[in-house]
Amino acid sequence: MKQGNLLFNRLPTGAWDGWQKKVELVELQLGQIVFDVGDPITHVYFPSTSIISMTHLLSEGESIEIAMVGAEGVLGMSALMGEPKSSVRSLVLKAGGAYRVQASWIKREFEHSHAVMQIMLRFSQTLMMQISQIAACNSHHSLEQRLSRWLMLYADRVKDKHITCTQELIAQTLGVRRERLAKVASALKKQGLIDYSRGAISLVNRDALKRTACECYGAIKKSYD
């Protein structure tokens, strides 16, 4: 089970022995809201095969993604910093497994274990970098660049060129109308970069798609690497 999440692999063997008794495997469904704005963070989630989108809700009722979390990370970090309620909506982009731990228990581990604190703080720093990079991306780059960046980051997490996600959900995370996203996706398809059918997208030419993506993709990937 330790292999399911990359942060687990960073835990010292002695610490992991104690964690195994507290960790619970759960299955997350596509479109499921793990946390909504204002929800108490009772558990912290470590995705294994699932991917979760952290989205900011706009005043008009729309939302826009500020970060994507997969097997490289953890959801619910703010609970470890003393903030017991979620400030964002966390939506499942890819159905799959995640390990969850009671927030109160892991907060004690965070406070009393130097190794756990270092692991979590390093991820928190990288997550904040992703959030700030995507904020800049949303303000300064074209939808074609943003969609290419999003597809590349998603594909990195599933380690596959096939993405199971509807255009409607992608449009929601990018904060644009579905019709506008469909037009951009069609252009990428005509260029031979992607192909798609209902509920699925394939990266046909990953290298070319990477070149189409803005520099934000490379910056975020480098930070996680």
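I call a residue buried when its relative accessible area is under 20%, exposed when it is over 50%, and partly exposed in between, with a 1.4 Å probe and protein chains only. I take helices (H or I, at least four residues) and strands (E, at least two) as DSSP runs, numbered from the N terminus.

The model is predicted, so local features need pLDDT of at least 70 and side-chain atom pairs pLDDT 80 or more, while totals for chains, interfaces and linings use all residues. Residues are numbered from 1 along each chain as its sequence is written, and side-chain values use heavy atoms, with hydrogens and water left out.

**Entry 1: helix α6**

I looked up α6 (178–190). The expected span of a helix is 1.5 Å times one less than its number of residues. For the 13 residues of α6 that gives 18 Å, and its end C-alpha atoms are 18 Å apart, so the two agree.

Which residues of α6 are buried? They are L181, V184, A185 and L188. These residues cover an arc of only 100° around the axis, which puts them on the same side of α6; the arc is that of the directions from the helix axis to the C-beta atoms. An α-helix has 3.6 residues a turn, so residues three or four places apart point the same way.

On the face turned away from the buried side of α6 I found the exposed residues E179, K183 and K190. The buried residues of α6 pack against α4, α5, β9 and α7 (206–212), where contact means heavy atoms within 4.5 Å. Just after α6, G192 has a positive phi of about 80°.

**Entry 2: the cavity**

On a 1 Å grid over the protein atoms alone, a cavity is a set of points where a 1.4 Å probe fits but cannot get out; a pocket is an open set with protein on both sides within 12 Å along at least five of seven lines; lining residues have an atom within 4 Å of a point. Grid points are joined across faces, edges and corners, and a volume is the space filled by probe spheres set on the points.

I counted 1 cavity of 30 Å³ or more. Its lining includes L181 and A185 of the buried side of α6. α4 (143–158), α5 (167–174), α6 and β9 (194–197) each supply at least two lining residues.

The largest pocket has a volume of about 740 Å³. Of its 19 lining residues, L6, E72, S223, Y224 and D225 are the closest to its centre. α3 gives the largest share of this lining, 6 residues.

The second largest pocket holds about 310 Å³, and α3 again gives the most to its lining, with 4 residues.
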